[in-house]
Amino acid sequence: MLKELDLRANMPKDEYAPLAEALKPRLAWLQQEAIRENIPVIILFEGLSAAGKGAVTNSLILNFDARGFTVYNTRPPEPSELRLPWLARFVEKIPSRGRMAIFDRAWYSALSMGLDSEKELKKRLREVNIFERQLADDGYLVLKYFLYIDKKEQKKRLEALAREKSTAWRVTENDFKNLKRHGEITDFYDSLICATDTPHAPWRTVAATDKRYVRAAVFSSIVENLEKALAKKRKEISDGAFTPRIDPRFRLLPHKTIGELDLKKSVGEEEYRERLKEYQDKLFKLQNKLYLKKIPVVVAYEGNDAAGKGGNIKRVAEALDARGYAVTPIAAPLPDELHRQYLWRFWRALPRTGHFAIFDRTWYGRVLVERVEGLTPAARVSQAYNEINEFESMLARWGAVIFKFWLAIDKDEQLRRFEDRQNTPEKRWKITEEDWRNRDKWEAYTQAADDMFRYTNTDFAPWVAVESNCKRYARLKTLETMIETLQNRL
């Protein structure tokens with residue numbers, strides 16, 4: 001692909017000048033239209049050293065309102081970033097709706113970092129395709145440009161940069177080492193481009209010998225793609241279809257429905273106190289072993305209102321060293337979160353290696369409350385089941401142990417707990433009008449939960465239904481489940 005480019009392609013100044021004059025106001029206007037239509041835009045520049053990525057970026061942003069974009073120059077990860085999934089530092093930088101993120105190198109520059117096998121590289125390439133497809137499905141415009149020059153041109157540019165005091169810092173010893181491997185590196189990038197050239201995020205390879213030609217090709221392409229994105233957005237009509245499609249590579253396990261759970265399970269007070277201390281001691285010791293082996297743990301809690309998630313989390317947290325865990329309560333998204341792909345806020349709360357992240361409600365709100373309340377179009381809810389499986393699959397491949405607990409109570413027990421909260425001053429803050437309103441949609445939420453089990457109960461992140469009419473029984477079951485699973489992992 002790269003070797004087939006016509007590297008002699010050029011654009012004379014008299015031809016470039018009128019084209020540039022036409023493109024500049026068009027780019028400025030299209031940026032404002034994208035802001036008005038809430039279209040988030042990601043523009044990636046990749047290429048060989050000295051191919052002109054920085055120069056094209058600098059020329060491009062002169063056409064935009066500086067308040068509407070952010071430029072990121074990707075560098076090697078910080079030590080703290082190495083303790084997160086490799087994509088996390090890039091996910092954090094995705095723009096909110098109506099804004100642009102322009103990357104001088106992006107996730108592609110980190111693809112092979114720390115890898116020692118072709119198999120692992122293929123896994124990361126698949127994760128990149130998943131990540132970009134999820135962005136595109138959520139309305140992001142992802143534009144990818146690879147700037148290419150031959151070995152002779154690269155040598156000339158590197159030497160010119162190295163000669164000047166003001167630019168010598170931009171050239172490293174590694175750049176000249178890589179120059180000797182120009183052909184090998186070209187072959188690597190060719191295979192990378194082929195593996196990630198998808199309909200939702202296609203590559204545009206650009207012969208970068210002539211600087212005017214590069215700017216004309218890139219700017220024209222950006223104009224064309226922004227115009228298409230705006231036209232698509234204005235024609236967009238949700239069909240309301242609910243048709244989940246799960247990637248066949250995910251192995252889904254059978255799971256009981258809510259109605260099949262035995263909610264009468266209970267345990268006495270004395271037995272509870274004895275086993276609680278025993279389990280908490282075991283979990284504390286396991287936490288230390290997990291820390292030494294740098295194994296991250298993700299604990300996700302969902303369930304009926306008043307099912308006892310808070311009390312359950314408290315008993316888990318009591319067992320842990322406070323320096324090694326964080327509890328993240330999930331409420332309705334804040335404006336900054338609402339204006340990004342919905343998994344963004346959960347990526348940002350992932351644990352470092354060796355730590356626990358405990359979520360009081362989770363990314364499953366997409367297929368529960370957002371589905372039942374009609375907050376998200378049915379077509380996007382349908383896509384979310386597979387997107388969630390993909391997200392959890394990435395976490396599992398990273399090495400995380402994933403617990404997903406559904407705390408279940410029956411309708412009578414919920415009413416009893418609601419009334420207790422209503423009538424107890426120190427508990428009254430726990431009950432809201434929304435809780436009473438949600439109770440009227442009990443059947444709809446039950447159906448949504450059953451569908452959640454059906455489509456997301458994978459072998460790498462299975463659901464554990466916790467019968468919670470008896471809080472003591474529920475607390476012991478979650479602790480016991482965690483201990484058994486973590487012991488097996490260790």
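This is a predicted model: local features need pLDDT of at least 70, side-chain atom pairs count only at pLDDT 80 or more; totals for chains, interfaces and linings use all residues.
**Domain interface and sheet architecture**

Residues are numbered from 1 along each chain as its sequence is written, and side-chain values use heavy atoms, with hydrogens and water left out.

The chain is divided into domain 1 (2-235) and domain 2 (258-489), with bounds that come from an automatic or database domain assignment. The C-alpha centres of the two domains lie 39 Å apart. In domain 1, 22 residues are in contact with 25 residues of domain 2 (contact: heavy atoms within 4.5 Å). The area buried between the domains is about 2100 Å², of which carbon and sulfur atoms give 54%; buried area is the accessible area (1.4 Å probe) that two parts lose on being put together, summed over both. Arg83, Pro85 and Gln134 lose the most area on the domain 1 side, together 30% of what that side buries.

Four salt bridges are counted between domain 1 and domain 2, a salt bridge being a side-chain nitrogen of Lys or Arg within 4 Å of a carboxyl oxygen of Asp or Glu. The side chains of Arg366 and Asp138 form a salt bridge at 3.7 Å, N to O. Helix H3 (88-91) and helix H4 (118-137) each supply at least two residues of the side of domain 1 that touches domain 2, and H4 gives the most, with nine residues. Helices (H or I, at least four residues) and strands (E, at least two) are DSSP runs, numbered from the N terminus. By the salt-bridge rule, the count comes to 45. One further pair is Glu127 with Arg397, at 2.9 Å, N to O. Glu127 lies in helix H4 and Arg397 in helix H14 (residues 378-398), so this pair ties together parts that are 270 residues apart in sequence.

An open sheet of five strands has the order E2-E3-E1-E4-E5, with parallel pairing; two strands pair if DSSP finds at least two bridges between them. Strand E2 (69-73) and strand E5 (203-207) are the edge strands, each pairing on one side only. Neighbouring strands are turned by 20° against each other on average, direction ignored; axes are lines fitted to C-alpha atoms, for helices over the stretch in contact, and angles run from 0 to 180 degrees between N-to-C directions. Strand E1 (residues 41-47) is joined to strand E3 (residues 100-104) by five bridges, and Val41 has Met100 as its bridge partner in E3. Helix H2 (residues 53-61) packs on this sheet, touching E1, E2, E3 and strand E4 (141-148), with its direction at about 150° to that of E1. Helix H7 (residues 182-196) lies across E4 and E5 and runs at about 160° to E4.

Strand E9 (residues 401-408) pairs with E10 in the parallel sense over five bridges, and Phe405 stands opposite Val464 in E10.
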